Every structure is written in structure tokens, then in C-alpha cells.
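I opened a new notebook page for this chain. My plan is to go from the whole fold down to a single residue.

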Amino acid sequence: MGRITDLSIPDLTGKRAVVTGASDGIGTVIATRLARAGAEVVMPVRSAGKGERAAESIRTAVPGAQITTRTLDLSSLDSVATLTSELISEGRPIDVLVNNAGVMQPPERQVTQDGFELQFGTNHLGHFALTLGLLPLLRAGGARVTHQTSIAARSGNINWDDLNWERSYDVMKAYSQSKIAVALFARELDARSRAGGWGITSNVAHPGISPTNLLAAQPGLGRPKDSAGRRLIGVLARIGIAGTVDSAAQPAVIAAAGSVSRGDQFVGPTRMIGGPPAELELWKPLRSMDDAQRLWTESEKLTGVQLPS
């Protein structure tokens with residue numbers, strides 16, 4: 001593992017970046033860093049009001065920033081298809097895609113609009129459909145695609161016999177599966193790009209632990225107040241053990257736009273839950289390319305989304 005000492009971002013003027021989950025937390029920091037480097041940043045968001053408030057905060061922090069919001073609900077394949085069609089019709093190459101949005105640990109099993117277990121459907125399948133839908137623009141831009149996984153992917157596996165956890169639901173195991181799937185998809189995307197000459201590089205990042213809104217009060221998920229885990233993380237961040245929201249964003253920023261990208265890399269904090277970014281050795285659940293290929297095939301079947309012809 002080597003600590004990444006060059007945290008500078010090259011000039012991104014004229015580049016287009018798409019960042020999911022940019023309406024708060026880590027995503028807003030990522031979008032701000034890219035905008036500060038000169039990129040035009042597209043923020044697909046579920047809540048228009050929340051998204052515009054985040055966009056305005058970026059414009060305040062970065063005068064002259066080019067920021068637009070679009071509508072996207074990753075738990076709806078129809079919403080994903082609408083956004084990809086909109087961006088394809090604009091014809092602008094995409095140079096950077098950061099698949100950052102996610103949901104974590106609803107109090108009980110919930111499903112997406114298409115009937116998938118919520119965490120697997122949102123964190124992985126929604127981004128799978130989005131990325132494949134945008135593939136012509138990603139290829140045109142020679143894009144760098146970054147996928148945000150989690151320390152929950154250090155252990156666990158893909159529940160191949162019950163991907164949607166219909167028979168026996170374990171919320172944490174389902175979350176781990178979703179984040180393992182995110183990383184396996186990232187690796188298979190990079191492998192297919194290399195084999196097919198697509199010109200895309202695909203990397204994995206993880207933020208460590210920081211006081212984001214993933215475990216905060218979210219009435220829409222059935223969580224009326226901050227979880228105990230969220231309160232503990234806030235304490236750990238204040239005493240310097242866990243990361244801050246700003247430091248937690250650094251691995252994805254470096255993977256997306258730093259000088260280290262060569263594809264199939266894994267970037268995270270030097271310590272498991274915080275610290276400066278470093279290139280990491282892949283965790284065991286993320287190493288099997290057989291699993292990555294199998295997941296791609298299963299994801300095509302589940303979403304009905306395939307590589308553009």
C-alpha cells in the first residue's frame with residue numbers, strides 16, 4: 001500500500017463530469033472539487049430542491065462554476081433510462097463519472113420500484129443501468145469511471161441463490177453484497193474496456209467512515225432519527241479517529257481525476273476508517289473476476305439493460 005502524496009487535480013476545463021449522490025455529504029465535496037478544477041458538473045438527484053441547494057452552495061464556493069442538476073432516482077430503472085436518454089440526446093461526451101450515491105440499512109427489507117432489494121437495486125443495479133446507458137458518451141470522452149464501495153465490502157459475499165434476499169433477510173449482509181457488487185462491476189467494466197478498446201478506465205474508491213447522512217435520520221427509509229451508529233461516528237470524527245466528510249471524499253476525487261488512474265485500481269484511506277488516500281490491495285470478496293463476470297451477466301438479466309450495439 002502506498003500513500004498518495006499528490007492530491008492535486010489537473011485542469012478540467014472543457015470536461016464534463018457526472019456525479020451521483022452529490023446533493024449532500026461526500027458527493028457534494030466531490031462535485032465541488034471537480035468544479036473547482038474547471039469541470040462542468042452534472043448532478044443527477046432525487047430531490048430537486050435539495051439538489052439545487054447543493055448546487056448553489058457549490059456556486060458560492062466556486063464562483064463561475066458550471067453546475068446543473070438533473071432528475072434521477074436510482075431505485076427506478078425508468079428514471080435511470082429517462083436520464084440516460086436525455087444525456088445521450090445532448091450528445092456531449094462524459095469525461096468523468098462518479099457513481100457515488102447509495103442507501104444503507106433501512107430498518108426493514110424494502111424494495112425498489114422494480115422489485116429489487118433496495119440496497120442491491122439502488123447501489124448496484126441502478127448504477128449498472130446508468131453506466132451502460134451512458135456508455136457511448138463515456139467512450140466518446142475516454143472517461144474515468146469511479147465506483148464508491150464501502151468497508152462493508154471487506155467481508156461477506158454475493159448471495160447468488162437469492163440476490164434479492166427474499167427468503168431470509170439480513171440488512172447488513174445485503175448492504176455488504178451491494179457494495180461488493182459495486183466493486184466487482186467496476187472491475188469487470190475496466191476489463192471489458194481493455195478487451196474492447198473502449199478507452200474507459202474504471203476504478204474503485206472507498207471513503208472509510210465519516211459522519212455522512214447514510215445513517216442519519218431518513219424518514220423516507222423509515223428511519224425517523226439518526227441511528228446509534230451515526231451518532232458514534234460523529235463522536236469518532238470529532239476526536240480524530242474517523243474521517244471527516246472532506247477527507248472521506250478524497251479517495252474518490254483522486255480515483256476520478258487525480259494523477260494515479262490507470263484502471264482497475266482501489267483507492268481508500270491509509271487507515272481503515274480514515275486518513276490520507278492510498279492505493280490499496282483488493283479485499284478478498286473483490287478479487288474474483290469469475291464473480292465479476294457472473295455478476296455482469298446476472299445484472300443484465302435483472303435490469304434488461306445490455307451493452308449498446
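I looked up the contacts first, where contact means heavy atoms within 4.5 Å. Of the contacts in the protein chain with a separation of 6 or more, 74% are between residues 24 or more positions apart. I note that this is a predicted model, where local features need pLDDT of at least 70, side-chain atom pairs count only at pLDDT 80 or more, and totals for chains, interfaces and linings use all residues. Residues are numbered from 1 along each chain as its sequence is written, and side-chain values use heavy atoms, with hydrogens and water left out.

Next I checked burial. The protein chain has 309 residues, and 55% of them are buried. Buried means under 20% relative accessible area, exposed over 50%, and partly exposed in between (1.4 Å probe, protein chains only).

Then I listed the elements. I found nine helices and nine strands in the protein chain. Helices (H or I, at least four residues) and strands (E, at least two) are DSSP runs, numbered from the N terminus.

In what order do the strands of the open sheet stand? I wrote down β1-β9-β8-β7-β6-β5-β2-β3-β4, nine strands with mixed pairing. Two strands pair if DSSP finds at least two bridges between them. β1 (2-3) and β4 (67-71) are at the edges with a single partner strand each, so one side of each has no neighbour in the sheet.

I zoomed in on one pair. β2 (residues 16-19) and β5 (residues 96-99) run parallel and are joined by three bridges. Alanine 17 stands opposite valine 96 in β5.

Helices came next. α1 (residues 25-36) lies across β2, β3 (40-45), β4, β5 and β6 (144-148), at about 175° to β2. Axes are lines fitted to C-alpha atoms, for helices over the stretch in contact, and angles run from 0 to 180 degrees between N-to-C directions.

α1 also packs against α2 (residues 48-61), at an angle of about 40° and with the axes 10 Å apart. The two helices are therefore oblique to each other. Oblique is what remains after under 35 degrees (roughly parallel), over 145 (roughly antiparallel) and 65 to 115 (roughly perpendicular). On the α1 side, Thr28, Ala31, Thr32, Ala35 and Arg36 meet Ala54, Ser57, Ile58 and Ala61 in α2.

Last, I picked threonine 149, in the loop between β6 and α6 (171-196). Is threonine 149 buried or exposed? Threonine 149 is buried, because its relative accessible area is 2%. Leaving out residues up to four places away in sequence, threonine 149 touches Lys179, Val182, Ala183, Val204, Ala205, His206, Pro207 and Phe266.
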